[in-house]
Amino acid sequence: MASSTEPWLTENGSVKRLTKEARHGHGHSRTAHSMSTSSLRRKSDMTLLQKVPCASLRYVLANLQEVILGTKLAVLFVAIPFAIAAECFGFARPWVFSLSLLGLIPLAERVSFLTEQISFYTGPTVGGLLNATCGNATELIIAIFALIEKKVLVVKYSLLGSILSNLLLVLGTSLLCGGIANIQTEQKFDRKQADVNIALLLLGLLCHLLPLMYKSAADASTTAEALSTAKATLNLSRASCIIMLIAYFAYLVFQLFTHRHIFEGQEEDEDDMVVSNEETPVIGFWSGMIWLIGMTAIISLLSEYLVDTIEEASTSWGVPLSFISIILLPIVGNAAEHAGAIIFAFKNKLDITLGVALGSATQISVFVVPMTVIVAWIVGIKMDLDFNLLETGSLALTIIATAFTLQDGTSHYLKGVVLLLCYFVIGASFFVQTSPTEPGTNNVNMRLKSSNQGIFRV
């Protein structure tokens with residue numbers, strides 16, 4: 001890496017070095033999420049760039065090397081122009097879908113990198129808020145585009161799948177790999193962070209259960225009663241979403257201000273390459289902002305391709321839409337941070353792993369889901385929190401299984417095996433689901449149709 005005096009590293013020609021005390025005090029604090037994604041970053045060699053005579057060109061090339069080539073997933077950037085070309089030249093829709101999926105993998109990791117770089121200049125509070133907002137930007141953008149296309153079923157399935165994959169697939173794989181790699185030692189973690197996240201996940205589960213139970217308990221034998229029940233369920237869902245957003249705001253205050261020490265990741269060893277890279281910003285503030293805006297635009301473009309082609313891909317592959325949305329989309333969208341969580345489990349740093357898996361699931365449950373419902377409300381789309389019985393039941397059992405797994409503050413590989421097997425069973429249940437019904441509106445229409453048939457029979 002270039003020396004700290006090289007002018008292209010920051011806008012003002014100086015490098016901001018941070019001590020350990022500064023990171024934990026008024027400076028840059030490293031969260032579990034940022035430490036997880038940093039495990040996939042590649043150290044940049046600026047030796048050749050030092051020989052470039054033009055300072056402006058040297059600055060541009062340094063930024064390209066840090067942002068584009070500074071990740072181990074850089075090879076997947078090739079999928080982005082291929083996805084755009086496949087869309088422009090009218091290739092088969094499953095090809096567009098597959099290439100867009102691959103292109104989103106490095107973009108999600110780079111957004112995390114850029115938000116962390118910007119946080120060096122904004123301070124820990126603004127940086128934490130930015131990281132909390134952009135942490136699941138890919139899922140939120142996909143959900144918004146699916147809402148625009150009025151594919152409410154895809155929205156609900158993809159968000160549910162993100163929660164399930166974080167709690168069962170990521171956490172299960174991490175505990176399994178970490179348990180095997182450290183089989184001679186008992187792995188321990190701090191339960192305080194896990195307890196906070198589980199409590200918020202249970203609040204989100206309650207907000208999902210109430211509309212489902214209300215609709216199941218209501219009498220919808222007539223057209224008027226069915227419409228009244230649907231309207232009440234929708235209003236209950238919107239009120240619950242406002243409650244969840246209030247809880248998320250309290251969670252941010254708790255995480256960033258009053259109890260920040262609980263959520264700060266474990267420090268790496270002093271000779272670890274990651275620490276030396278993370279202590280120094282490698283791009284300037286305005287460069288980071290421009291890159292962040294540009295990559296968000298590309299994520300939006302690929303998300304639009306993804307939403308437009310998901311049904312054609314489902315039909316072409318013979319795979320149910322529910323399986324693609326719940327299993328495939330979340331795995332690809334969070335592949336970078338998932339890999340990082342597993343790597344830190346190998347290193348017996350379970351606090352970072354739990355911070356990634358539980359933190360991401362909590363953010364989806366009490367921020368992205370209610371925000372999506374509110375956005376749908378604003379644009380006039382009737383989206384509620386009724387995810388149907390199979391989906392809500394899977395979510396409930398997943399949270400319960402995760403809570404019991406983490407209750408004693410220790411871990412071993414068998415806990416990971418159990419969580420993974422739970423994920424496989426849930427995945428199989430959606431794979432065999434041949435004709436899913438749209439939650440909410442279609443259910444009401446089916447009830448109206450059956451009630452009308454009953455009236456005509458009478």
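What percentage of the 458 residues in the protein do buried residues make up? Buried residues make up 57%, where buried means under 20% relative accessible area, exposed over 50%, and partly exposed in between (1.4 Å probe, protein chains only).

This is a predicted model, in which local features need pLDDT of at least 70, side-chain atom pairs count only at pLDDT 80 or more, and totals for chains, interfaces and linings use all residues. Residues are numbered from 1 along each chain as its sequence is written, and side-chain values use heavy atoms, with hydrogens and water left out.

**View 1. The whole protein.** The protein has 19 helices and 2 strands. Helices (H or I, at least four residues) and strands (E, at least two) are DSSP runs, numbered from the N terminus. Take the contacts between residues at least 6 apart in sequence: 84% of them join residues at least 24 apart. Contact means heavy atoms within 4.5 Å.

**View 2. Helix 16, residues 350-378.** Its 29 residues should span 42 Å at 1.5 Å a residue. The expected span is 1.5 Å times one less than the number of residues. The end C-alpha atoms of helix 16 are 40 Å apart, which agrees. Helix 16 bends by about 35 degrees at Ile 364. That bend is the angle between axes fitted to the seven residues ending there and the seven starting there. Just after helix 16 comes Gly 380, with a positive phi of about 85 degrees.

**View 3. Ala 361 in helix 16.** Ala 361 sits in helix 16. Its relative accessible area is 0%, so Ala 361 is buried. Which residues does Ala 361 contact, leaving aside its neighbours within four places in sequence? They are Ile 163, Asn 166, Leu 167 and Leu 201. Leu 160 is 201 residues away from Ala 361 along the chain, yet their C-alpha atoms are separated by 9.4 Å.

**View 4. Helix 10 against helix 16.** Helix 10 (residues 223-258) packs on helix 16 at about 135 degrees, with the axes 9 Å apart. Helix 10 is therefore oblique to helix 16. Angles under 35 degrees count as roughly parallel, over 145 as roughly antiparallel, 65 to 115 as roughly perpendicular and the rest as oblique. Axes are lines fitted to C-alpha atoms, for helices over the stretch in contact, and angles run from 0 to 180 degrees between N-to-C directions. On the helix 10 side, the contact residues include Arg 238, Tyr 248 and Tyr 251. On the helix 16 side, they include Gly 359, Phe 367, Pro 370 and Trp 377.

**View 5. Helix 7 against helix 13.** The axes of helix 7 (residues 137-148) and helix 13 (residues 285-317) come within 9 Å and cross at roughly 50 degrees. Helix 7 brings Thr 138, Ile 141, Ile 142, Phe 145 and Ala 146 to the meeting. Among the residues they meet in helix 13 are Ile 299, Glu 304 and Val 307.

View 6. Lys 150 is not a glycine, yet has a positive phi of about 60 degrees. Lys 150 lies in the loop between helix 7 and helix 8 (152-181). At 64% relative accessible area, Lys 150 is exposed. Asn 388, a residue other than glycine, has a positive phi near 70 degrees. Asn 388 is in helix 17 (residues 388-405). Its relative accessibility is 13%, so Asn 388 counts as buried.
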